[in-house]
Amino acid sequence: MVGGTLLAGCFTFGLTHVWSARSSSQLWKNLYRALKRDSTFLLPVPDSQSQPTLTAAGFFPPDTVTLSSLCSYVLRFTVLFACLSFIIRQDLIQSKGMSQLHAVSSCSSANLLFGGSKRDSARTYDVVRCTKKIDSQQLGVKVSEFHGLAIAQNIVNSGLTRENLAIRAALASDKEVITSSGADGKVLRKKLNKVVLAYSGGLDTSVIVPWLRENYGCEVVCFTADVGQGLQELEGLEQKAKASGACQLVVKDLQEEFVRDFIFPCLRAGAIYERKYLLGTSMARPVIAKAMVDAAKEVGADAVAHGCTGKGNDQVRFELTFFALNPELSVVAPWREWEITGREDAIEYAKKHNVPVPVTKKSIYSRDRNLWHLSHEGDILEDPANEPKEDMYMMSVDPKEAPDQPEYVKIGIVEGLPVSINGKELSPASLLTELNEIGGKHGIGRIDMVENRLVGMKSRGVYETPGGTILFTAARELESLTLDRETIQTKDFLALKYAELVYAGRWFDPLRESMDAFMKEISKTTTGSVTLKLYKGSVSVTGRESPNSLYRQDISSFENGEIYNQADAAGFIRLYGLPMRVRAMLEKGL
């Protein structure tokens, strides 16, 4: 019994060891035949018939075994199965990569629809649609966090070069299998269906289109917002977008919404960043990003993308808006991912992917223009000691060249928001457009400043904001009539935080929205008109009127009146100055 137990245990060990390597049933059949032909390898001839015998019943031909030969039997049996296990495992390691591919190819050829392939020297994509359901466990893959994308990576340990390594991905959502291979060994960063790209038609956004298709395997919908940057920047955009590989171009006129819902609330709040900056770009980014989220919903996109660099503020402004309005959207920022480092790299990439590059003179400045302002950065401006060149300005004339005669402008305001120019009521965008023309010809609104970017660095920028400068001056002057001292001080204090939130891209932050409700409430009485004189770069106030004015001429007059008795000032001064008087008495020992 002991010998039989040892024999059974040894056989079970060998069987389990080999079976764990997933050997086939055919292998076992062949092994049995070999053992049956030469059973003496395992069962030596007994040397004594008088000794107890054992029978390996059911596995081999019935023979007797002496107890003295049992150890030899066990040893030989174990060695045999160990050798077989080693050989089988080596064979499986070499063929492991093909086993998972076999699971995919189990779909009959009649059920495979090839979507074609797109090739370049760097990467190849083959799309295979399989009508047979593929189990992720059958593929031996692990579902990743990328919205149902399952990635099975098979690296065959048989001397394959890096260029020939392949990644096979199975899409559980639509039963697509995508193969990506390339000389750089990279894989799809994330499989996306459709991406809405903030598109300007320039070099950067033009090369982003094929880059998105190459790296994310997606369709690209280009989105352009008209925020007053000028018709010349919108011409030919559809042709450029489609030539770059986009499937669609969406253009939306956001000028009225931009001025009404973003610029005017900042104007009412008195929001100025670091004492100078009137937040032109900061206000434009959230309205564009908001429209992109709406466009993504309309076209069925699952992602949005922008061309902002990784060193600026705009990346934050775009992405915080995306997060606030649709946190389910994926966000792609190529400048933080790709290997393109400058204009020359971008041009080379464009040529490689047959993207038409406009042959135009590259501006030496980085500019951003909308209906509120025009910003200039870069080139000689990067040294704060350099004076800006006069030919840089585009919205305003040199104050020295402005008309020699001043121009008077009357701005009508209702509840803190401008509504008219010289008595003529205009829509928000039309009003600002006209003031830009008026202010620009008088050299109004030039600002040169060094600001603190959100990402931590300082940058120097020059801004032209002719219409905005006029409106800010008018709004503040009217408030001097309609708001009391404590309200103005509180408003000015909150305006600093309001500007900081807008600059940092937190337009849809509940804090800003709450502060905006406060600004709206305290501005209900700020209704009236302000007359301004524009002359060679300066804005001067010449008159203010309001039906809600807290200014009373009969009180403020130097003449004695019934409401204000000058003799009352003596008691007020004694009480108001009492803390200072007590301290002085203490210091003098009184």
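**Reasoning from definitions in a predicted model**

Modeller: In this predicted model, the axes of helix α7 (residues 255-269) and helix α12 (residues 466-482) come within 9 Å and cross at roughly 40°. Axes are lines fitted to C-alpha atoms, for helices over the stretch in contact, and angles run from 0 to 180 degrees between N-to-C directions. Helices (H or I, at least four residues) and strands (E, at least two) are DSSP runs, numbered from the N terminus.

Colleague: Why is α7 called oblique to α12?

Modeller: Angles under 35 degrees count as roughly parallel, over 145 as roughly antiparallel, 65 to 115 as roughly perpendicular, and the rest as oblique. The crossing angle is roughly 40°, and therefore α7 is oblique to α12.

Colleague: Which residues of α7 and α12 meet?

Modeller: From α7, Phe264, Cys266, Leu267 and Arg268 meet Leu471, Phe472, Ala475 and Glu479 of α12. Contact means heavy atoms within 4.5 Å. The residues of this contact comprise six nonpolar, no polar and two charged. Here Ala, Val, Leu, Ile, Met, Phe, Trp, Tyr, Cys and Pro count as nonpolar, Asp, Glu, Lys and Arg as charged, and the others, Gly among them, as polar.

Colleague: What makes Ser396 buried?

Modeller: Buried means under 20% relative accessible area, exposed over 50%, and partly exposed in between (1.4 Å probe, protein chains only). Ser396 has a relative accessible area of 8%, so this residue is buried. Ser396 lies in the loop between β13 (374-377) and β14 (407-414).

Colleague: How do you know that the side chain of Ser396 makes a polar contact with the side chain of Arg446?

Modeller: A polar contact is a pair of N or O atoms within 3.5 Å; within protein, one must be able to donate a hydrogen and the other to accept it, and residues adjacent in sequence count only if both atoms are side-chain atoms. The contact of Ser396 with Arg446 is at 2.9 Å, and a polar contact of 2.8 Å joins the side chains of Ser396 and Glu464.

Colleague: Why is Val293 called buried?

Modeller: Val293 has a relative accessible area of 8%, and is therefore buried. Val293 lies in helix α8 (residues 280-299). Leaving aside residues up to four places away in sequence, Val293 touches Phe322, Leu325, Asn326 and Leu329.

Colleague: On what basis are these values given?

Modeller: Residues are numbered from 1 along each chain as its sequence is written, and side-chain values use heavy atoms, with hydrogens and water left out. Local features need pLDDT of at least 70, side-chain atom pairs count only at pLDDT 80 or more, and totals for chains, interfaces and linings use all residues.
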